[in-house]
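Open the model in your viewer and have selection by residue number ready. The stops below say what to select and what is there.

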Amino acid sequence: MLLPTTMRAMRKLRGQAGLDFCTIPVPVCGPRDVLIRVRITGICGTDLHIYNWDAWSQNRIKPPLTTGHEFVGDIVALGAEVHGLSLGQRVSAEGHITCGQCRLCRTGRGHICRTFKGVGVDREGCFADYIAVPAQNVWPVPAGVPDMFAAIYDPLGNAMHTVMSAPVSLKNVLVMGAGAIGLFAVSIAKVAGAANVMVVEPNATRIDLARKAGADLVLNPRTDDVPALVRRATSNEGPEVVLEMSGNAKAMQQAFSLVATGGTMCLLGIPGTPVDINWAEDIMFKGITIHGITGRRMFETWFQVDEFLLHHSARLAASVTHTMPCAAYEEAFALMNAGACGKINLTWA
Ligand code: NAD
Ligand code: ZN
């Protein structure tokens, strides 16, 4: 196939808010890489941080850089050393490029590799017509999975990894924060057999989306007596499993005070600063188990997302609220900054 030499890309060109739509060379496909023509990309909260040029991105991002790491596309070129993949194959990819050499990588824990490189964070991303990624990160998408969900294996994987870290079957599960990942976690927890999925979320749009995602009870921390209502819904015990997906300090403190004695706390949300937790009352004397969650297990989580998407993707339909052309990215980031959306996808056709 004859490939163009240049392409469109959404790039951070300098250290300030915003992104620029540029024309740049199509990436070179190294011997162990595949080159992918991007169909659809998802916008992640990380992309919003980079767009807004907040303190985290000022420390981490080195412009110029093409952002984005959630995508689906078609393979258009294969490196000379790549086997087992083919031209035209529809794929997504794990966005953490691990070293493969360290103690963690070599003991099946590449998701916490200390030197991983993030697509669209530490190296060129997918908000472009083409992206080159190592073949070992490529994930072939089963034929029955719709593009709009194939683009978001990555955040679905964050939700999946979090839910699968706790025994949710026939338990009371509380999800703190119904951003895109919290919404996905609600649907996944229901499919995984949770008896009762409760959500705490202050944003009116997302309260509505959490109900549509299948939550049994949705509470607003600004207007509801969350502790009393959660206790009433859990025979006074509190939820056996709490999935912290807000990154909000108050929500985290509330999560630790609500989790049942003997329960499990799964922490995905990233607080901007250290959070004060009552270690004695809320952790030790309650004998809880705490899981810190990073990324996706490679590649167990990806197989789980495959099965979820093949059998239950309809449950996610309401959580993907917008599909917009890539040129409308400023409108998309404005919606995210306003919290007026669930997941937003951008099309690159
Ligand atoms: P998001 O910002 O869209 O969602 C967070 C939600 O929490 C928002 O809807 C917000 O209204 C809600 N919230 C705010 N205050 C709250 C409160 N007091 N109680 C309950 N909810 C409250 O983020 P997202 O993209 O859905 O990601 C969720 C979190 O996970 C973020 O903190 C993100 O940084 C983090 N994250 C972690 C990993 C990881 O590997 N650990 C990966 C991706 C994202
Ligand atoms: Zn490693």
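Start with what covers the buried residues of α8: the cover includes β11 (172-176), α7 (226-233), β14 (241-244), β15 (264-267), α9 (279-284) and β16 (289-292). Contact means heavy atoms within 4.5 Å. Helices (H or I, at least four residues) and strands (E, at least two) are DSSP runs, numbered from the N terminus. This is a predicted model, in which local features need pLDDT of at least 70 and side-chain atom pairs count only at pLDDT 80 or more, while totals for chains, interfaces and linings use all residues. Residues are numbered from 1 along each chain as its sequence is written, chains are lettered from A and ligands numbered from 1 in the order in which they are written, and side-chain values use heavy atoms, with hydrogens and water left out.

Next, select α8 itself, residues 249-258. Ala251, Met252, Ala255, Phe256 and Leu258 are buried there (under 20% relative accessible area; exposed is over 50% and partly exposed in between, with a 1.4 Å probe and protein chains only). Look down the axis of α8: the buried residues fall within an arc of 165°, so they line one face of the helix. The arc is that of the directions from the helix axis to the C-beta atoms.

Move to Asn248, which caps the N-terminal end of α8 with a side-chain oxygen 3.0 Å from the backbone nitrogen of Lys250. A polar side-chain atom of Asn248 also lies 3.3 Å from a nitrogen atom of ligand 1.

Now select ligand 1. Which residues come nearest? Of the 22 residues around ligand 1, they are Glu201, Arg206, Ile270, Ile293 and Gly295; a residue counts as near if one of its heavy atoms lies within 4 Å. A polar backbone atom of Leu268 is 3.2 Å from a nitrogen atom of ligand 1, and a backbone N or O atom of Gly179 lies 3.5 Å from an oxygen atom of the ligand. The protein covers 78% of the 850 Å² of accessible area that ligand 1 has on its own. By class, the shell has 11 nonpolar, 9 polar and 2 charged residues, with Gly counted as polar.

Then pick Thr264 in strand β15. Is Thr264 buried or exposed? At 9% relative accessibility, Thr264 counts as buried. Beyond its neighbours within four places in sequence, Thr264 has contacts that include Ala166, Glu240, Val242, Val259 and His291.

Finish at Glu281 in helix α9, which is partly exposed at 45% relative accessible area.

Technical notes: A polar contact is a pair of N or O atoms within 3.5 Å; within protein, one must be able to donate a hydrogen and the other to accept it, and residues adjacent in sequence count only if both atoms are side-chain atoms. Accessible areas come from the Shrake-Rupley method with a 1.4 Å probe; for residues, only the protein chains shown count as cover.
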